[in-house]
Amino acid sequence: MHVVRGNGSIERRGPNTWRIRLAIGKDPVTGKYRQVSRTIHGSKADAIRAREKLRHEVEAGIDTEAGRMLFSEFAAEFIENRLTGGTIKEVTIVGDRMIIKRLLRYFGNIELRDFSVPLLIRAQVQMREDGFSQTMLHTTMRKLSQILKQAVRYDFIPSNPCDKIDIPRIAERSLTVLDAEGVRHLLNVLEQREKKLRHEEVGPCRALLERSRLMACHLAIATGMRRGEILGLTWKGVNLETGALRITQQYSTDAVLRPPKTRSGVRTISLDTGILARLRSWKAWQEETMGGLRIPFTPDTPVVANTVGDHANPGDFTMWWIGVREEAGFPRLRFHDLRHTQATLLIGNGVDIKTVQGRLGHSKAATTLDIYAGALPENDRKAAELLRTIITEQKQ
């Protein structure tokens, strides 16, 4: 921390260029007088404001040289520190990299000291014009705030300008779920697609891919598994004798197998007789087809495979799903909504929250309650009618 001597100076260096200087006393080692300077572009009023800002930084102990670091450089250090810290999960780091890649488009060549409220407001406007959704804008700006908070902690900048702006909140999204009739309709569409594949007699590679994708939909409806969990499922996780399915990994968007995010994500799910019979038939067909293609079939073979018997690409699968939902007449139904559908149908038909929590892999029952509270009123009505029946029968 330094004490600034005097008011400093402002020197014109060009039509709209100024150099500001502040004296900060003698160096205790060399005995020489020291000063800090900065070149400012703009009006003299801008230079005066910049001089006062520099004075504040110097007297607050801010490392003015470190403040000249580019955001791209500091963001790289931010990621490196999270990696070496060992407390952040790899899947979180992957997400960080994706968000920082977005941030670099807008702030990559900005020096840390030049971040300001007007800059952030302009960037948010530009992000919206570039097609950022409310959720994407929220996650991007929250990550920027986290990075700049680290810069403040290191005394590279005096404050975090993100604290002075309104970061958009994630818009609340009502669940899109199918009722029992809607599920039956979707299942019929899946069956028709499978019949069409057989009728057209497509090649084995395409049949392997298309039928795998149809199997993924059946699994989502029957188990409530996430897309990554389904695409990461291998045959060693499916016990066709006991009817139990073990989830221990997920296939992420960056084509890497990872364990579930939480311990509760590692779980065993019971399979109903219908999906169990389908899996038995599917395994026999898949093994035979892959054998004809000279692709090894092992316990590590994905249940939902691509044309070479490896894990299916998540992005390609989602694009395929869009076609299925359009055909079924559910244009807003995300694949993840099949998970919501299963949970809502179970809760709405009297299955207890703890059981649903376990099937979904939520760490807390409160999470399940928060998401699916809308499915509970019907149960409450059933409880009220049950109580009335009990009381009526006892009176008789």
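Contact here means heavy atoms within 4.5 Å. The model is predicted.

**Figure 1**
W320 lies in helix α10. Leaving aside neighbours within four places in sequence, W320 is in contact with R193, E210, R213, L214 and C217. W320 has a relative accessible area of 9%. The cut-off for buried is under 20%, so W320 counts as buried.

**Figure 1. The crossing of helices α7 and α10.**
Helix α7 covers residues 204-223, and helix α10 covers residues 314-328. Their axes come within 11 Å and cross at roughly 80°. That makes α7 roughly perpendicular to α10. From α7, the residues that meet α10 are E210, R213, L214, A216 and C217. On the α10 side they meet D316, F317, W320 and W321.

**Figure 2. A salt bridge between R193 and E327.**
Side chains of opposite charge can pair when their charged atoms come close. R193 and E327 form a salt bridge, with the closest N and O atoms 2.8 Å apart. This pair links distant parts of the chain, 134 residues apart. R193 sits in helix α6 (residues 180-200), whereas E327 sits in helix α10. E327 is partly exposed, at 45% relative accessible area. R193 is also among the contacts of W320.

The side chains of R82 and D96 meet in a salt bridge, 2.7 Å from N to O. R82 belongs to helix α2 (residues 71-85) and D96 to helix α3 (residues 90-107), so the pair ties together parts that are 14 residues apart in sequence. Both ends are buried: R82 has a relative accessible area of 15%, and D96 has 3%.

D46 and R49 form a salt bridge, and their closest N and O atoms are 2.4 Å apart. Both residues lie in helix α1 (residues 44-59). They are three residues apart, about one turn of the helix. D46 is partly exposed, with 28% relative accessible area. R49 is exposed, with 53%.

**Figure 3. A network of salt bridges.**
E191, E194, R198, R211 and R278 are linked in a network of salt bridges. The count of salt bridges in the model comes to 17.

L175, V177 and I371 make a nonpolar surface patch of about 190 Å². I371 lies in helix α13, which covers residues 365-372. The relative accessibility of I371 is 32%, so this residue counts as partly exposed.

**Figure 4. The protein chain as a whole.**
The chain has 14 helices and eight strands. Of its 396 residues, 42% are buried. Among contacts with a separation of 6 or more, 61% are between residues 24 or more positions apart. The chain exposes about 22,100 Å². Carbon and sulfur atoms supply 51% of that area.

How values were computed: Residues numbered from 1 in each chain as written. Predicted model: local features only at pLDDT ≥ 70, side-chain atom pairs only at ≥ 80, totals over all residues. Heavy atoms only, no water. Patch = residues over 30% accessible without salt bridge, like charges linked within 9 Å, V, L, I, M, F, W, Y side chains within 5 Å. Areas by Shrake-Rupley, 256 points an atom, 1.4 Å probe, with all protein chains shown as cover. Salt bridge = Lys/Arg side-chain N within 4 Å of Asp/Glu carboxyl O. Helix = DSSP H or I, 4+ residues; strand = E, 2+ residues; numbered from the N terminus. Buried < 20%, exposed > 50% of the residue type's maximum accessible area, 1.4 Å probe, protein only. Axes fitted to C-alpha atoms, helices over the stretch in contact; angles between N-to-C directions. Parallel < 35°, antiparallel > 145°, perpendicular 65-115°, else oblique.
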